[in-house]
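Work through the exercises below with the model open. Try each task before reading its solution.

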Amino acid sequence: MTASGDTHWRPVEAELALWSAAGRTARLWLRDDDAYELTGALDRLVDMVGEHAIAATLAIIPALMTDALVAQVRDNPLLFPAAHGLWHRNHAGPADKKIELGGGRSVEAVLADLEESRDLMAQAFGALAVNMLVPPWNRISNAAAESVSATGFDVLSTYGWKPSTASVDHLNTHVDLIDWQSGRQGKPATRIASEITEALRVARDKDFAPIGILTHHLAHDAAAWTTLKALFNWSAGRDNIAWCSATDLLGR
Ligand SMILES: [Zn+2]
């Protein structure tokens, strides 16, 4: 690793020293969204997590997933399937932020979709599915969130630290590899390092909560791949960081 590569991570290392002093290990988990078929981009992600033995939770679009994708996920012990809505369709009004699980739809219609999503995941993956719902665009109406448990899901995963209204456990992501506002560009490693540092600071005040790293293999530019690789390389072998599967973090 080059000297400049090392300097990216110095702020994280300073924060991690506080975790070590408290006798705590920082727990990271990886969630990758929008999988539905086998692509070169998915192969690249799977190769990278394989190289570092990092578990990845794949948020899969149930109504679109191919048999080949299902087979690959079932065959790879590092891949954990979660449901990414049902169709990943937008039901927001023209002026509103994108949402599948809410917007112009009744709560009954959303819950019916979620039941179908849950059934498709159970048929495809059986006990392997972590029973986690990842709402497309990280958005779900409060009314639907309050009734998620009735549809068979028992974990909800969105983005950020805001408290959940959900009737189920929450396991969120906090650091997004892509800057969606600036033309979907991959963030450089310096920026990811500073965002991880900030997330660790917040997590330290939340009883050392796990930090979720969010990726979207189909949307990665060269910068996103380079940064992800740099993050994996830097974290490898550090005894104060543990990459965890969602299953581990949920105690299942
Ligand atoms: Zn998505």
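**Exercise 1: the largest pocket**

Task: state how much space lies in the largest pocket, and what lines it.

Solution. About 960 Å³ of space lies in the largest pocket. There are 34 lining residues, and the closest to the pocket centre are Lys98, Trp137, Asn138, Arg139 and Tyr159. Strand 1 (26-35), helix 6 (142-146) and strand 8 (178-179) each give two or more residues to the lining. Strand 1 has the largest share, three residues. By class, the lining splits into 12 nonpolar, 11 polar and 11 charged residues.

Conventions: the model is predicted, local features need pLDDT of at least 70, side-chain atom pairs need 80 or more, and totals for chains, interfaces and linings use all residues. Numbering starts from 1 along each chain as its sequence is written, and side-chain values use heavy atoms, without hydrogens and water.

**Exercise 2: the zinc site**

Task: which residues coordinate the zinc ion?

Solution. Take donors as N, O and S atoms within 2.8 Å of the metal (3.2 Å for Na, K and Ca). Asp34 (OD), His84 (NE2) and His88 (NE2) coordinate the zinc ion at 2.0 to 2.1 Å. Their spacing along the chain is D-x49-H-x3-H. Water is not among the atoms, so sites may look incomplete.

**Exercise 3: helix 7**

Solution. Helix 7 covers residues 189-204, 16 residues. The expected span is 1.5 Å times one less than the number of residues. That gives 22 Å, and the end C-alpha atoms are 22 Å apart, so the two agree. Buried residues of helix 7 include Ile192, Ile196 and Leu200.

How values were computed. 1 Å grid on protein atoms, 1.4 Å probe; cavity = no way out; pocket = protein on both sides within 12 Å on 5 of 7 lines; lining within 4 Å. Points joined across faces, edges and corners; volume = space filled by probe spheres on them. Helix = DSSP H or I, 4+ residues; strand = E, 2+ residues; numbered from the N terminus. Nonpolar A, V, L, I, M, F, W, Y, C, P; charged D, E, K, R; others polar. Buried < 20%, exposed > 50% of the residue type's maximum accessible area, 1.4 Å probe, protein only.
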